[in-house]
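Good morning, and thank you for coming.

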Amino acid sequence: MATTKKSGRPAREADAWVVIPLFNESEVIASVVTELCQSFEHVVCVDDGSSDDSAELATKAGARVLRHPINLGQGAALQTGFDYVLTHEDATHVITFDADGQHRVSDALEMLELARSKRISAVFGSRFLDKRTKPGLKKKVVLTVAVIATRVFTGLRLTDAHNGLRVLSRETISKIRMEQNGMSHASEIVHQIAKARLAWREYPVEILYTEYSKRKGQSLLNSINIVIDLIVR
Amino acid sequence: MLSQWVLMGALILVGVYLLKAKPSASQQAIRRLAIIAALLLGALAVLFPSYTSVVAGYLGIGRGTDLLLYAFVVFALFYVVHQYRRQLWQEKTITDLARALTLVRAAQEDQAPTNKTKP
């Protein structure tokens with residue numbers, strides 16, 4: 001495994017595998033992976049047919065990079081990551097993490113701690129449980145639609161349905177199967193966890209809205225796609 | 001009017017098909033029967049054009065031409081929905097294929113950890 005070894009660091013998490021769906025994020029992916037590798041031994045990037053050098057940069061930064069031969073979508077990339085992690089017996093948890101650098105590694109570590117200590121199958125990051133994150137108005141509308149849609153279709157009362165930071169136990173990822181390739185997978189994960197009656201919890205996290213992540217954010221119209229994907233499948 | 005019931009029923013069926021269609025043999029059989037029926041009815045309409053107006057009259061539609069137009073709209077809508085569903089199934093197949101390829105490659109790379117990074 002290509003990992004950057006630094007002596008004197010506290011032991012890195014070896015049982016929790018980080019899965020990052022990667023698509024054309026060459027500007028930030030190296031720093032995201034480098035930071036994660038300081039805390040986690042296994043960082044898996046699923047390159048979803050990037051046309052830039054994201055995959056090479058992630059590999060150099062220390063990630064294990066899987067490559068989709070064609071672009072399939074973020075949900076498909078996550079599912080591939082889950083399948084890959086399940087082939088490794090030592091993995092007890094999966095952490096899903098966005099490639100654009102909007103999540104904090106410390107949040108991921110705290111969520112992992114919570115999942116372990118309380119034996120919770122799924123811990124979802126939520127940016128709306130405290131006041132740290134300040135999304136713009138447009139973002140708020142998109143996320144509110146997503147939250148309402150998720151409530152209607154899954155019955156789970158999440159406050160932030162489309163947060164990319166999650167900690168899922170091995171049992172959880174072996175029980176769920178995402179078939180929505182696009183952005184609707186976030187609601188789909190929630191839906192299947194609700195159906196499998198797994199224990200879940202939300203955890204307050206901060207989203208770092210950089211200029212970069214704002215530029216790449218979801219459009220208002222895409223929330224309509226998410227709703228329709230959930231109805232017609 | 002009878003035609004309104006028939007047309008609403010047809011549109012609801014198209015809607016159900018949009019939500020529930022699965023690639024199953026029985027649904028394929030039904031689709032094929034529908035196509036055969038449409039061909040037969042089409043042939044009848046060509047051979048006896050005046051009867052389309054008679055049928056239209058029974059249904060409460062003014063003219064036979066209007067009946068054909070309605071039938072065409074419903075058929076076209078069904079076709080669009082069917083193609084849409086087909087595309088969804090195909091996407092799923094392609095996804096499974098691409099994922100399998102990715103995982104096989106990954107497993108190969110894991111077995112031979114010779115630090116060569118492929119471009």
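**Sheet, helices and chain contact**

In chain A, helix H3 (residues 74–86) lies across E1, E2, E3 and strand E4 (93–96), and H3(A) runs at about 150 degrees to E1(A). Helices (H or I, at least four residues) and strands (E, at least two) are DSSP runs numbered from the N terminus; axes are lines fitted to C-alpha atoms, for helices over the stretch in contact, with angles from 0 to 180 degrees between N-to-C directions. Contact requires C-beta atoms, placed from the backbone, within 7 Å.

This is a predicted model, in which local features need pLDDT of at least 70 and side-chain atom pairs count only at pLDDT 80 or more, while totals for chains, interfaces and linings use all residues. Residues are numbered from 1 along each chain as its sequence is written, and chains are lettered from A and ligands numbered from 1 in the order in which they are written.

Which order do the strands of chain A follow? The open, mixed sheet of seven strands reads E3-E2-E1-E4-E6-E5-E7. Strands E3 (64–67) and E7 (200–204) of chain A each have a single partner strand, so one side of each lacks a neighbour in the sheet. Pairing means that DSSP finds at least two bridges between two strands. E1(A), residues 16–22, and E2(A), residues 43–47, pair in the parallel sense over five bridges.

Finally, the contact between the chains takes 16 residues from chain A and 13 residues from chain B. On the chain B side, H4(B) supplies the largest share, nine residues.

Methods
Two residues are in contact if their C-beta atoms, placed from the backbone, lie within 7 Å.
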